[in-house]
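User: I am new to this structure. Please walk me through how some of its features get their labels.

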Amino acid sequence: MALGLMLAAFSGAGVTSVRAQELKCEPERIAEKYPDLAGKTLRIGGDPQTRPFIFRDPTNFNNIIGFDADLARAVFDCAGAKYEFFLGGWSGLVPAVMAGQIDVMWDALYYLPERAKKLDFIVYMQAGIGALAQPGNPKNVKSIGDLCGLSAVTLLGTVEEATLRKQDEACRTAGKPGIEIQVGPDNAAAMRQLLNRRVDIFFIDLGLAYGLMQERSSEVTFAFAHLTDLVQAAAVPKGRKDLVNAIYDGLRVAQTNGTQRKLYEKYGMEPSLQRPAEILRE
């Protein structure tokens, strides 16, 4: 689904300088390059309900696939590290990586300064919001400015809710009707609001919007993408220097040799969301 997105600029505190190292995979040198990872099996945290990032293969329930799952595989194969997926509810995975129960949280995760107090982030993707409409987009919604006077549903306490409320205020300040905002407990409940025609728009993370379009292309229409100043990243506990460097190096290889771009295309996502790998700390 090519949307021709224009990527927003992002400047984050604590960006590391590029490490002087050749961009190539050397799995046989793991003990030399990343000694802390040698002989260990890394645990990758993900939620199998977050298609297209991580989900179960419909043809093999035990096989975990998706954009983030495949990208993580490419990165750790490049480093020569062993790994396994640790699956759970998304909200519980951030505390799990903070507590060191898993080695990396790699599943539709935003870098946030408050999270960076306990985690180090390796960025690889621009984040955004997707607006899903009823079939055919009957209200002709093409941008966030078109939401004035319409109804929208999103999840409570999310970036998407905050964005809607800010736009509601902008509508009213401009003398236009506000946005009727509803919040749901989860994506399934919010989607039902749209499918039952109780709202005009479902506001959701852009990547997850791609996944829902793959599942329900005959029931909803992709109205527009709204980019934010947020970025998506893998996150690891503080003090895991070798793990951070292995992910960073592997992402640079995946971006240079086209692996990341091919995964966007494989999972029906927009390749221009790719963002040069960088390490963000508090």
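User: What makes a residue part of the lining of the second largest cavity, and which residues are they?

Analyst: This is a predicted model. A lining residue has an atom within 4 Å of a cavity point. Phe 53, Met 125, Gln 126, Ala 127, Gly 128, Asp 205, Leu 206, Gly 207, Gln 232 and Leu 273 line the second largest cavity. Its volume is about 30 Å³. The search of the whole structure finds 2 cavities of 30 Å³ or more.

User: Which elements each supply at least two residues of that lining?

Analyst: Strand 7 (119-133) and helix 6 (206-215) do. Strand 7 gives the largest share, 4 residues.

User: How many residues of that lining are nonpolar, polar and charged?

Analyst: The lining has 5 nonpolar, 4 polar and 1 charged residues. Gly counts as polar and Asp as charged.

User: Why is helix 2 called roughly perpendicular to helix 7?

Analyst: The axes of helix 2 (residues 67-79) and helix 7 (residues 241-256) cross at roughly 110°. Angles of 65 to 115 degrees count as roughly perpendicular. Therefore helix 2 is roughly perpendicular to helix 7. The two axes come within 8 Å.

User: Which residues make the contact?

Analyst: Contact means heavy atoms within 4.5 Å. Helix 2 contributes Leu 71, Val 75, Phe 76, Cys 78 and Ala 79. From helix 7 come Leu 243, Ala 246, Ile 247, Gly 250, Leu 251, Val 253 and Ala 254.

User: How do these contact residues divide by class?

Analyst: The contact of helix 2 with helix 7 has 11 nonpolar residues, 1 polar and no charged. Gly counts as polar, and Gly 250 of helix 7 is part of the contact.

Key: Residues are numbered from 1 along each chain as its sequence is written. This is a predicted model: local features need pLDDT of at least 70, side-chain atom pairs count only at pLDDT 80 or more; totals for chains, interfaces and linings use all residues. Side-chain values use heavy atoms; hydrogens and water are left out. On a 1 Å grid over the protein atoms alone, a cavity is a set of points where a 1.4 Å probe fits but cannot get out, and a pocket is an open set with protein on both sides within 12 Å along at least five of seven lines; lining residues have an atom within 4 Å of a point. Grid points are joined across faces, edges and corners, and a volume is the space filled by probe spheres set on the points. Axes are lines fitted to C-alpha atoms, for helices over the stretch in contact, and angles run from 0 to 180 degrees between N-to-C directions. Angles under 35 degrees count as roughly parallel, over 145 as roughly antiparallel, 65 to 115 as roughly perpendicular and the rest as oblique.
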